[in-house]
Amino acid sequence: MITQPQTTPAPDPYLERLRVQTARLLAYRDDGPLVTALRGKVGPGLPPVPAALVALVAIVAMAAAGLLDNGPILLAPALVMVVLVLPTASRDHLGKLDWLVPPLIRGTEFLTIILIGLAAEAPKWLLFVLLYVIGYHTYDTVYRTRQSIWPPDWVFKAGLGWELRLLLIGAGAAFGAVTWVLAGLTLYLGVMFAVESVTSWVRLDKASALAQAGDDLEASPEEAAEQATGEAEPA
């Protein structure tokens with residue numbers, strides 16, 4: 001009996017586009033382990049764009065009203081951000097304006113770090129370096145996904161996500177240790193993001209070189225290895 005080979009149906013282009021769009025926006029959010037753990041426990045969640053806007057406005061209003069002074073109150077902006085934005089993680093992010101959610105989250109995170117740091121009299125250069133480190137991670141994530149190269153899940157968990165970063169900084173400011181918290185976060189995140197990014201791109205370059213060498217049917221094994229590694233075989 002001759003059996004016909006089974007063919008896997010091609011995915012629907014529209015559904016595939018929606019899947020990729022959702023995956024990219026969720027990656028751009030940079031949610032950490034706390035959001036990941038609670039994502040399935042918040043029910044339908046809150047509309048992403050309105051919730052993120054309310055969080056931003058509330059934090060700006062607290063700063064404008066002069067409420068951000070030394071003491072436990074400095075933890076409040078981080079709590080506002082977590083309470084309002086964490087429940088949005090369960091949404092599919094397929095709304096017409098949901099592309100605004102990642103920049104709103106990142107902008108509010110940066111603003112909150114600046115406001116807490118200035119209120120707690122943290123070194124301004126340290127604030128700048130931390131913002132640069134987080135910004136580099138965001139740029140690296142966006143560039144990778146646009147090349148269809150997805151960072152591993154552990155990077156977002158190890159990076160603590162916007163929620164744990166803000167909670168740690170807010171708690172440090174509330175208890176008078178914000179400089180130490182900022183220094184520790186900057187060093188840890190800077191080393192972790194840089195090492196992971198560099199090693200990932202190096203592995204990608206080697207894989208591309210191997211694929212290119214494999215496509216060259218006229219190349220000898222020694223030439224293919226040299227193209228892939230950049231080193232000649234010993235004589």
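User: Take a cavity as a set of points on a 1 Å grid over the protein atoms alone where a 1.4 Å probe fits but cannot get out. What volume does the largest cavity have?

Analyst: This is a predicted model, where local features need pLDDT of at least 70, side-chain atom pairs count only at pLDDT 80 or more, and totals for chains, interfaces and linings use all residues. Residues are numbered from 1 along each chain as its sequence is written, and side-chain values use heavy atoms, without hydrogens and water. The count comes to one cavity of 30 Å³ or more. With volume taken as the space filled by probe spheres set on points joined across faces, edges and corners, the largest cavity has about 30 Å³.

User: Which helix gives the most to the lining of the largest cavity?

Analyst: The lining (residues with an atom within 4 Å of a point) consists of Ala27, Tyr28, Asp30, Arg106, His137, Thr138 and Thr141. With three residues, the most comes from helix 6.

User: Which elements give two or more residues to the lining of the largest pocket?

Analyst: A pocket is an open set with protein on both sides within 12 Å along at least five of seven lines. The largest pocket holds about 300 Å³ of space. Its lining includes Ala23, Leu26, Asp31, Trp150, Phe156 and Lys157. Two or more residues come from each of helix 1 and helix 7 (153-158).

User: How many helices and strands does the chain have?

Analyst: Helices (H or I, at least four residues) and strands (E, at least two) are DSSP runs, numbered from the N terminus. From that end, the elements run α-α-α-α-α-α-α-α-α-α. The count is 10 helices and zero strands.

User: Which residues have the most contacts inside the largest nonpolar core?

Analyst: Such a core joins buried (under 20% relative accessible area, 1.4 Å probe, protein chains only) Ala, Val, Leu, Ile, Met, Phe, Trp, Tyr and Cys residues through side-chain atoms within 4.5 Å. The largest one has 42 residues, and the most contacts belong to Met81, Ile113, Leu130, Trp162, Ile169 and Leu182. Helix 3 (48-64), helix 4 (76-85), helix 5 (101-119), helix 6, helix 7, helix 8 (161-174) and helix 9 (178-215) each supply at least two residues of this core. The residues asked for are Met81, Ile113, Leu130, Trp162, Ile169 and Leu182.

User: Which residues does Ile113 touch, not counting residues up to four places away in sequence?

Analyst: Contact means heavy atoms within 4.5 Å. Ile113 is among the core residues with the most contacts. Beyond those sequence neighbors, Ile113 touches Leu127, Leu130, Leu131, Ile134, Leu166 and Ile169.

Key. Buried < 20%, exposed > 50% of the residue type's maximum accessible area, 1.4 Å probe, protein only.
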